[in-house]
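Subject: Handover of a structure

Dear colleague,

Please find the structure below, passed on to you with a summary of what was found in it. I would be grateful if you would read the summary with the structure open.

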4 protein chains.
Amino acid sequence: MALTGVLRPGHIVLRVLDLDEAVRHYTQVIGLFETGRDDEGRVFLKAWDENDHHSVVLREAEQAGMDYFGWKVDSEQTLDDLAVKLEASGLVSDTRWAPEGEQLLTGRRFQFTIPTGHRMEIYATKKTLGCMTGYDNPDPWPDGLRGMAPSRFDHALLYGRDIDANLTLFRDVLGFNLTEQVVGPDRKFLIGVFLTCSNKAHDIAFIRSDEDNRLHHASFILGGWHEVLHAADIISKRDVSLDIGPTRHGITRGETIYFFDPSGNRNEVFSGGYIWYPDRPVITWHDTEIGRAIFYHDRKLNEAFLNVTT
Amino acid sequence: MALTGVLRPGHIVLRVLDLDEAVRHYTQVIGLFETGRDDEGRVFLKAWDENDHHSVVLREAEQAGMDYFGWKVDSEQTLDDLAVKLEASGLVSDTRWAPEGEQLLTGRRFQFTIPTGHRMEIYATKKTLGCMTGYDNPDPWPDGLRGMAPSRFDHALLYGRDIDANLTLFRDVLGFNLTEQVVGPDRKFLIGVFLTCSNKAHDIAFIRSDEDNRLHHASFILGGWHEVLHAADIISKRDVSLDIGPTRHGITRGETIYFFDPSGNRNEVFSGGYIWYPDRPVITWHDTEIGRAIFYHDRKLNEAFLNVTT
Amino acid sequence: MALTGVLRPGHIVLRVLDLDEAVRHYTQVIGLFETGRDDEGRVFLKAWDENDHHSVVLREAEQAGMDYFGWKVDSEQTLDDLAVKLEASGLVSDTRWAPEGEQLLTGRRFQFTIPTGHRMEIYATKKTLGCMTGYDNPDPWPDGLRGMAPSRFDHALLYGRDIDANLTLFRDVLGFNLTEQVVGPDRKFLIGVFLTCSNKAHDIAFIRSDEDNRLHHASFILGGWHEVLHAADIISKRDVSLDIGPTRHGITRGETIYFFDPSGNRNEVFSGGYIWYPDRPVITWHDTEIGRAIFYHDRKLNEAFLNVTT
Amino acid sequence: MALTGVLRPGHIVLRVLDLDEAVRHYTQVIGLFETGRDDEGRVFLKAWDENDHHSVVLREAEQAGMDYFGWKVDSEQTLDDLAVKLEASGLVSDTRWAPEGEQLLTGRRFQFTIPTGHRMEIYATKKTLGCMTGYDNPDPWPDGLRGMAPSRFDHALLYGRDIDANLTLFRDVLGFNLTEQVVGPDRKFLIGVFLTCSNKAHDIAFIRSDEDNRLHHASFILGGWHEVLHAADIISKRDVSLDIGPTRHGITRGETIYFFDPSGNRNEVFSGGYIWYPDRPVITWHDTEIGRAIFYHDRKLNEAFLNVTT
């Protein structure tokens with residue numbers, strides 16, 4: 001009981017145009033730590049408070065974007081059970097079991113494509129390195145932090161067409177909960193859905209878009225609003241391309257800043273939000289208030305935010 | 001899946017020596033909102049971001065302390081199942097079904113006494129009032145906040161003798177997880193256990209003590225370290241009795257301040273901590289480092305903190 | 001010695017289109033306190049930590065903007081001396097002695113028009129009300145705060161043509177210091193000058209513009225970056241027109257948000273900056289870096305910021 | 001005009017028992033930067049936002065404490081004028097002109113002993129290194145910060161007997177202003193005086209004590225309350241001896257933490273406070289409220305704070 005099933009976003013595999021430049025960005029600007037490279041040259045990274053070997057994987061490619069997104073589940077048994085349920089759901093395609101070790105230091109994974117065309121996987125086992133403060137009389141934060149220094153990879157926002165089917169998949173098959181939604185007139189049309197598998201306000205989110213399989217952003221969590229300012233300063237000090245922020249989201253209440261990695265993949269670092277519970281009503285944002293929903297202070301969307309995805 | 005079973009601390013029923021004074025403290029100093037009174041004069045309160053009718057109940061009595069602690073579970077079915085498991089566990093005593101409505105606007109409750117002598121209950125249903133920002137295009141915080149303005153009642157720390165049996169009860173019967181522990185020499189002796197039923201670093205904690213059924217503190221969550229300072233200032237402005245703080249806990253990493261209500265019940269407001277997952281190792285604090293574990297900056301315990309309970 | 005001569009911005013007199021609406025804005029949104037009204041209906045306001053009777057005066061008029069700006073000097077003797085120096089400088093026009101009491105509860109004032117066409121005055125005496133925490137065993141902040149709750153009126157930024165002459169006037173006649181400047185190619189052309197009469201990074205600033213006698217913004221000081229977020233939230237909660245922010249200035253390092261009063265006068269609330277000393281070199285921003293100078297994170301100017309003045 | 005005469009605390013020369021240990025403390029824990037050593041092995045340090053070559057000097061000695069305290073004045077002319085005034089005042093003893101270069105990279109200095117036995121000096125010239133962000137299109141903070149990373153040396157608090165004479169000296173001869181005072185019954189007896197030569201709430205402070213020529217603490221300024229927490233965490237991570245904090249002062253409103261260097265000299269890092277002006281009334285704290293005056297949250301003095309000086 002308590003927290004079971006799908007535990008959290010386990011890893012995101014990002015395509016980058018220049019690997020060295022990307023590694024510099026994710027380690028020096030964001031402040032992740034490189035934990036390994038595989039035979040194909042992919043670079044594995046983790047944040048300081050994460051226990052597992054990696055949460056971000058970078059692959060050099062011709063085009064930026066997300067290769068796939070992995071969810072950690074609580075046990076091999078859950079992995080098997082969810083694989084059966086996913087197959088039976090009729091909502092996923094191109095299912096495949098990836099054997100242990102095909103991803104560096106990671107157990108077997110069940111892969112599938114969701115209705116919006118994004119490739120995802122579930123897995124139960126990954127080598128652990130421990131968080132950087134350790135588990136014996138730990139300090140509250142480790143020495144050696146650099147850059148924005150998020151404690152964890154937190155979530156992603158993905159764009160695609162059939163987000164209704166995604167909602168069904170994540171809620172009814174994978175056991176997620178809908179925390180917030182953006183709706184069109186008469187609440188009849190879903191523009192965006194925010195889903196959690198935990199106490200967090202979101203672990204994954206989908207926005208309706210004309211094009212499938214798009215990444216809007218990969219997000220990392222900070223310790224507070226002063227760390228958002230610190231991140232904003234770093235963005236300017238290092239001439240990183242800023243999208244928008246510092247500001248607050250209406251949705252999730254998070255304090256946020258968006259920027260781009262050197263390949264054009266959007267990153268977010270954020271703090272705050274609320275403690276979500278399954279008996280809390282879904283929060284509904286109406287399309288008339290979508291500006292305030294996304295950027296609470298500006299109350300209007302910028303073009304880049306809506307249209308630039310990878 | 002995801003978050004199931006026992007959801008969270010649902011309510012704490014506190015005994016206070018002077019009801020009016022207590023209501024003033026919990027509403028004006030802490031900043032809860034009174035939501036109702038029952039026939040016996042008990043006062044019901046909630047924090048601004050809570051959905052349910054109450055999370056704190058005040059009862060006037062000869063002696064301060066905690067009457068009982070209630071856990072909200074995810075469904076009536078879970079309530080029934082857990083009641084059976086609790087009965088079967090042999091770890092609880094004086095079990096009783098309280099009928100719907102016996103507690104104001106609350107459904108049926110299954111009551112029991114845990115090994116350390118504290119009275120607890122589980123329930124699945126309570127009237128909802130909604131959080132103060134509502135669920136349609138909500139603002140991030142409501143007008144009308146006052147005092148320290150915590151968003152939620154968060155947890156309690158209880159003192160008693162057989163905390164080993166408590167650990168078994170909460171972990172094996174109620175599905176909690178052990179997040180942190182304080183141990184004696186050779187890790188052989190449990191001095192304190194911190195347990196979660198969620199992503200939070202703790203939902204309940206027990207410290208070993210010579211006396212059973214003691215309340216160390218009831219804790220409320222704030223939005224950040226600057227709100228801990230604001231709370232500290234209020235403590236002094238209103239001549240509230242301070243225990244210790246502002247400071248940081250080693251355990252949970254939380255930023256904290258402790259103080260006393262007018263009856264001598266200890267309160268905490270805190271912020272921060274980490275996002276816990278079931279695959280994270282238990283953090284162990286050794287008795288040699290207990291000062292740093294409790295008060296990370298001072299690295300020593302004050303007498304009041306150890307010995308004053310209600 | 002120490003701090004002498006011109007002490008600080010003493011008051012700004014703003015024209016507003018609808019007095020009631022303006023009073024609501026300056027008292028409920030910004031959080032100043034109304035301290036009086038004069039025979040002509042002007043409304044006098046002060047911030048909570050200010051000792052004198054008023055720092056902002058609102059006058060209903062057909063057109064928004066600034067009537068005049070007042071500087072408090074350290075003594076009646078200084079007032080007389082500076083009046084002589086101003087007359088002798090040849091840099092000011094339309095000089096006039098306003099008798100005691102012509103401005104509510106304010107002593108005699110020496111008025112003049114500066115090269116950029118703005119009306120200013122110096123004065124030495126104003127009735128004191130005391131700051132809201134008092135001067136005997138004061139608390140760090142008073143009860144009754146509301147809105148953004150700045151502690152003081154801090155500075156104004158004005159637009160006009162001959163800012164070189166303004167620089168000479170403020171530096172050589174009034175004893176200000178140049179803290180930062182924005183310059184054109186080869187440092188030959190002044191685009192902006194930031195001037196202090198204290199330890200603050202600026203007490204007044206001028207930006208070169210095609211039109212004289214324009215107000216860019218009146219600014220109030222907050223206690224930190226978390227108060228900038230609080231102000232930003234209030235802006236959205238109360239549907240105030242936002243200009244830009246939260247963000248940071250390159251110039252002065254201040255953390256800031258800009259918005260408009262209901263008449264279109266721009267307001268700023270900000271925090272931070274540095275402690276300035278007269279032996280610190282002037283900071284120079286080159287026109288090629290003007291975006292970063294003004295908005296450090298965005299590194300580009302928005303149209304409204306440049307062109308909207310009153 | 002504006003800021004003239006004595007500008008600021010220019011340097012403090014501290015005696016330390018082990019130079020290497022002290023350098024590690026002041027550079028790695030506090031985060032000053034070593035800028036030079038002289039022939040006698042003294043180590044010169046500055047904070048990142050300071051323009052001049054040094055603000056802290058460490059000298060190895062048998063006994064901890066303060067050798068002397070230096071004030072920077074605005075010009076050589078002021079230096080000469082103040083030297084004459086000091087001689088004429090009858091309030092200082094053992095006056096001496098130290099020639100240029102006797103202190104590393106520092107101009108001629110006029111030295112004197114104040115009524116409480118502390119050795120002080122004034123000087124107008126010191127080699128400048130520039131602040132670490134430079135003065136051309138500067139970033140708001142530099143790379144390479146470490147430890148608590150204060151921006152400046154801010155003030156010292158000294159203990160001695162005749163603080164009335166000190167008050168006369170600093171106010172009437174050196175042009176300081178009294179900002180706050182702690183008084184005995186009937187306001188007849190000065191327990192403490194807080195003096196400024198700027199807009200800051202204090203540049204020097206004296207507390208009455210039975211013993212002359214004692215150093216209570218040397219203080220450095222941080223950017224906000226979150227940096228006080230960061231400093232507190234560093235204190236514990238590096239096993240530095242904590243005195244008290246994080247907390248708030250009633251006097252000056254500052255947010256603070258006190259700790260000891262390895263030789264037992266007390267350090268403070270703090271943030272906040274108010275903007276002081278010469279027309280602001282003196283704040284008076286009554287001895288009955290001295291606890292709240294010093295430590296606003298605890299409202300009681302700890303023994304170490306009162307009695308441990310060097």
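**Backbone features of chain B and chain D**

B:Arg253 sits in the loop that runs between E15 and strand E16 (255-260) of chain B; helices (H or I, at least four residues) and strands (E, at least two) are DSSP runs, numbered from the N terminus. The model is a predicted one, in which local features need pLDDT of at least 70, side-chain atom pairs count only at pLDDT 80 or more, and totals for chains, interfaces and linings use all residues. Residues are numbered from 1 along each chain as its sequence is written, chains are lettered from A and ligands numbered from 1 in the order in which they are written, and side-chain values use heavy atoms, with hydrogens and water left out.

Although B:Arg253 is not a glycine, its phi is positive, at about 65 degrees. B:Arg253 counts as buried, at 10% relative accessibility; buried means under 20% relative accessible area, exposed over 50%, and partly exposed in between (1.4 Å probe, protein chains only). A positive phi, near 55 degrees, is also found at B:Ala149, a residue other than glycine. B:Ala149 belongs to the loop between strand E9 (119-123) and strand E10 (152-160) of chain B, and is buried with a relative accessible area of 14%.

In chain B, the peptide bond joining B:Gly245 and B:Pro246 is cis, with omega about 0 degrees. B:Pro246 is part of strand E15 (residues 241-248) of chain B. In chain D, a cis peptide bond leads from D:Gly245 to D:Pro246, with omega near 0 degrees, and D:Pro246 lies in strand E15 (residues 241-248) of that chain.

B:Ala293 is located in helix H5 (residues 290-294) of chain B and is buried, at 0% relative accessibility. Leaving aside residues up to four places away in sequence, B:Ala293 touches B:His249, B:Gly250, B:Ile251 and B:Trp285, where contact means heavy atoms within 4.5 Å. B:Gln181 is 112 residues from B:Ala293 in sequence, and their C-alpha atoms are 9.9 Å apart in space.

**Contacts between chains**

Chain A and chain B meet through 54 residues of chain A and 54 residues of chain B. Together they bury about 4,500 Å², of which 54% is on carbon and sulfur atoms; buried area is the accessible area (1.4 Å probe) that two parts lose on being put together, summed over both. Eight salt bridges are found across this interface of chain A and chain B, a salt bridge being a side-chain nitrogen of Lys or Arg within 4 Å of a carboxyl oxygen of Asp or Glu. A:Asp279 forms a salt bridge with B:Arg8, with the closest N and O atoms 2.8 Å apart.

Between chain B and chain D, 21 residues of chain B are in contact with 21 residues of chain D. About 1,800 Å² is buried between these two chains, 47% of it on carbon and sulfur atoms. The interface of chain B and chain D has six salt bridges. The side chains of D:Asp239 and B:Arg292 also meet in a salt bridge (2.9 Å, N to O).

Yours sincerely
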